[in-house]
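The entries below follow the order in which I went through it.

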Amino acid sequence: MKNEKLSLDKNGRFEISLKVNGKPLSMEVKPSESLLEALRKYGYKGTKKGCDTGDCGSCAILMDGSSRVSCVMPAFLAHGSEITTIEGLGTVQNPHAIQAAFVEAGAVQCGFCIPGMIVSAKHLLDRNKTPGEGEIKHHLDGNLCRCTGYVKQIEAVKLAAKKLRKSSK
Amino acid sequence: MPEAKTKEFKVVNKRVEKIDSLGLACGEPMFTGDVDIKGVLYAKLLWSPHAHARIKNIDVSQALKIKGVRAALTYKDVPRVPHTTAGQGYPEPSPYDTYILDNKVRFVGDRVAAVAAETIEAAEEAVKAVKVDYEILPAVLDQLEAMKPGAPVIHDEKDSKNIPDAKRNIAAKFDFEVKNGEWFADADHVVEKTYRIPYFQHCAIEPHTTICYFDHQNRLIIRTSTQVPFHVRRIVAQALNLSVKDIRVIKPRIGGGFGSKQEVLEDVVAALALKTKSPVRLEYSRKEVFISSRTRHPAFMKLKTGVKKDGTITDMSMEIILNTGAYGSHALTVMMCSGSHTIPMYRVKNNIKFSGKSVYTNLPVAGAYRGYGATQAFFGLEAQMDLMAEKIGMDPVLFRKKNYIKLGEGSPVFKAMGEGREGVEQVITSIGLAEGMERGLKEIGWYEKKKRYAAENKNSHVKKGLGMACLMQGSGIPEVDMGSATIKMNEDGSFNLLIGATDLGTGSDTILAQIAAEVLEVPNTDVIVYSSDTDLTPFDVGAYASSTTFISGGAVKKTAEKVREMIIEVAAKILDEKKENLYLKDKQVFSKDGKRVTFQEVANTSLYYYNQHQIIASASHFARTSPPPFSAHFADIEVDTRTGEVKVVDYVSCVDCGTAINPTLAEGQNDGAVVNGLSHTLAEGIEFSPNGTPLNANFRRYKIFTSSDIEKVRTILIPTYEPNGPFGAKSVSEIGINGPLPALSNAIYDACGVRLCEAPFTPYRILMALKKKQE
């Protein structure tokens, strides 16, 4: 499906099929529309627009397991992909270990950068169960935060790693 | 005593979870822009491409022909009411020099026209289709140049108000002198130095966003990312000739502000909504945030200080000239705080002089920014402290210890300089600086490293160094700031706390709930917080001036105490006891002889059974003083003398914020402020072309610190007990940002002997300074 050729409909839009947080979804998107705009249009408001130039990381999502900034990615490129947004990790009723760790560590201030940062952290922790501080800092490098100075966020990722190791035992 | 008090706390001073943090971490739609409103129109503004120009002719007819465009406003279509965008107490001490739209533009990025259209694309097309015929005027970009005779006059309009000297582009001025003798007569050494800082932007990650719509009664609802909802209501009403009753302002979760959202920029969205009778949404792009929202005031500062050989500071003269950009938002108050929040830090034996000006230029508009003048002035003052200590051959630590303001002492500056007017007399009622300095010196390893680095530096191109700074700030604006609260009791013994106070990510909702819970003897989760809605919550000036914990917290404490009395009154009837024999504990009311009744029963009795009434109370709070928090900062750095790069290996800040209502959140406030300050110091600054066009208005070219730019950043809370604050609390949010500029300037000097007096300390500047030193 991924390499299938898309054609514009009579309104000049693509109809793309993808999975968002495990659910199949078809989206109507303009050729110029970013994946961020499309996701927000379809109700995934957790993914944020902080700069629209791919520099702040607030719009980070996972595309087929890899972390991407969705604001500079045309939506049609997501055709056939599996997208994970912050809403796909956990909910207030049943939060993901990383979300719980961010709360516990006091890593959330205004919270605007947090969805993107948690998605980036998930990308890291999916690959590395025991990241060192340097690896965490390096991995979160693309997620700007002006509130926290990153101090408690780095702690949060360490705590999340610990929680995930515990739960996988 | 303080410690004993602290030990009794049940909810206050505890690390409870921030109440909105889980929702935020799960991506719940909590921000201004996270709602979809049916039929919403998208607003776009046309921004001036010229630094200074008069609009000779403006034609929107082509824009209006574009499909989906519903309105295109110019200065001809909106009321012309001089006002300020500064969200401050009324009447604002900032000049009334701003119009919704004007026939003159004063900087690249000034508003020219505003459109609303059914799609973003149509709105973008429409702003391009507005035809403007400009008469380009000469521009002035430097605040010193702007005061010279013959400089272009930026505010030559007749109707602006409260500009002290429009002809010389002076937006605000203030002078103050204490003279006890001849200047510098007692001094063994006089140190004179000039310091400069450039344009810094707040870089809140959420761009400014506003949605205006109408309710079923045709009232204008403004859902907006603001720190000052009540000032938004008043200033929008003023600018559009509306009545306050016609407007409701709702502040949802806010994605950071740091002062940039203390500006009322909602007027133009409201104007578009009124014109189209439709909901309208405006979201700034990052570039627009950089250029057209607000910035920190760039500063030019001259310090001249006298010192005696024994370490006595004899004279202190501070001259500061701020660049306020095209409009005078916070022009007077930031300038005055640059003196009032710094000079009292140290005793001065003889003479004190402050001379301040804020000057218009054709550059972006400065405004409130965390630190609010103190950031600018502490850069100079704390560098000056090291320079003086060096002159007399004294350890800079001991020099500061000798001179900093002590418990029970005052300063003539407190009375002379308020925010835009006379201040209040006050003495220091709590200070933990001695402990803070001791702890910081130990944590950073000051004396041990001083010796070691001196030896190590001899044979290495990487020079290591240590620097420090002492800091203060205020806690709210005395006799100006006011906050209020309402608390009501529910059937299950829980409470609703309604507050005007504005949580912009700081955690104020959480700490205010903790304060209420402490008084009412319930867990903080039994206090349901609703804040910042001008229809539903009582008044509060908003989130600025480090006021929320101290002022709004004071209001919450008073309110909770009133509710406590009401609970006791009902319980007294139930238990048939005298009120004075009753006390609250663990969601129950106890009598001294062991009788008890649950909150649930008290609430149900009052609501349903007997002498029915809602247990509810409101209270307001303002303060006569503004107890300063204090802080000592220590930096351990390396300068690579080949590349000019500075690495901050360890940064320790010890903060006396009184009782930390929530230590985790207090640490978070300080961590964030410190890293913002480090980022200012080493990386930031808006650059302009010679014609005033910003050159780096994006995150790729305006660098802010990321996680990989920090090594070790440590906040250490130094508990004290402020008798005037709620449960001993003072402010914590701003102070930390003032430290990195001077601490790093001092550390770089310690490492490699060059004194940087202009921020940011880029590798280029360091290399140039090293080169100059060699010559």
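In what sense do β10(B) and strand β11 (residues 220-224) of chain B pair, and over how many bridges? I noted, bearing in mind that this is a predicted model, that the two strands run in the antiparallel sense and are joined over 5 bridges.

Staying with this pair, I found that Tyr213(B) has Ile221(B) in β11(B) as its bridge partner. The two strands form a hairpin with 5 residues between them, and in that turn I recorded Asn218(B) with a positive phi of about 65°.

I then looked for a further partner of β10 (residues 209-214) of chain B and found strand β13 (residues 280-283) of chain B, paired with it in the antiparallel sense over 4 bridges; here Thr210(B) has Leu282(B) as its bridge partner.

Next I turned to the domains of chain B, which the assignment gives as domain 1 (2-29 + 482-621) and domain 2 (140-421). Their centres, taken over C-alpha atoms, are separated by 35 Å, and I noted 16 residues of domain 1 of chain B in contact with 19 residues of domain 2 of chain B. On the domain 1 side, these residues divide into 6 nonpolar, 6 polar and 4 charged.

Last, I looked up the contact between the chains, where 46 residues of chain B meet 43 residues of chain A. On the chain B side, the elements giving two or more residues are α2 (21-25) and α18 (663-682), and the largest share, 8 residues, comes from α18(B). By class I recorded 19 nonpolar, 17 polar and 10 charged residues on that side of chain B.

Terms used. Residues are numbered from 1 along each chain as its sequence is written. Chains are lettered from A and ligands numbered from 1 in the order in which they are written. This is a predicted model: local features need pLDDT of at least 70, side-chain atom pairs count only at pLDDT 80 or more; totals for chains, interfaces and linings use all residues. Domain bounds come from an automatic or database domain assignment. Two residues are in contact if their C-beta atoms, placed from the backbone, lie within 7 Å. Ala, Val, Leu, Ile, Met, Phe, Trp, Tyr, Cys and Pro count as nonpolar, Asp, Glu, Lys and Arg as charged, and the others, Gly among them, as polar. Two strands pair if DSSP finds at least two bridges between them.
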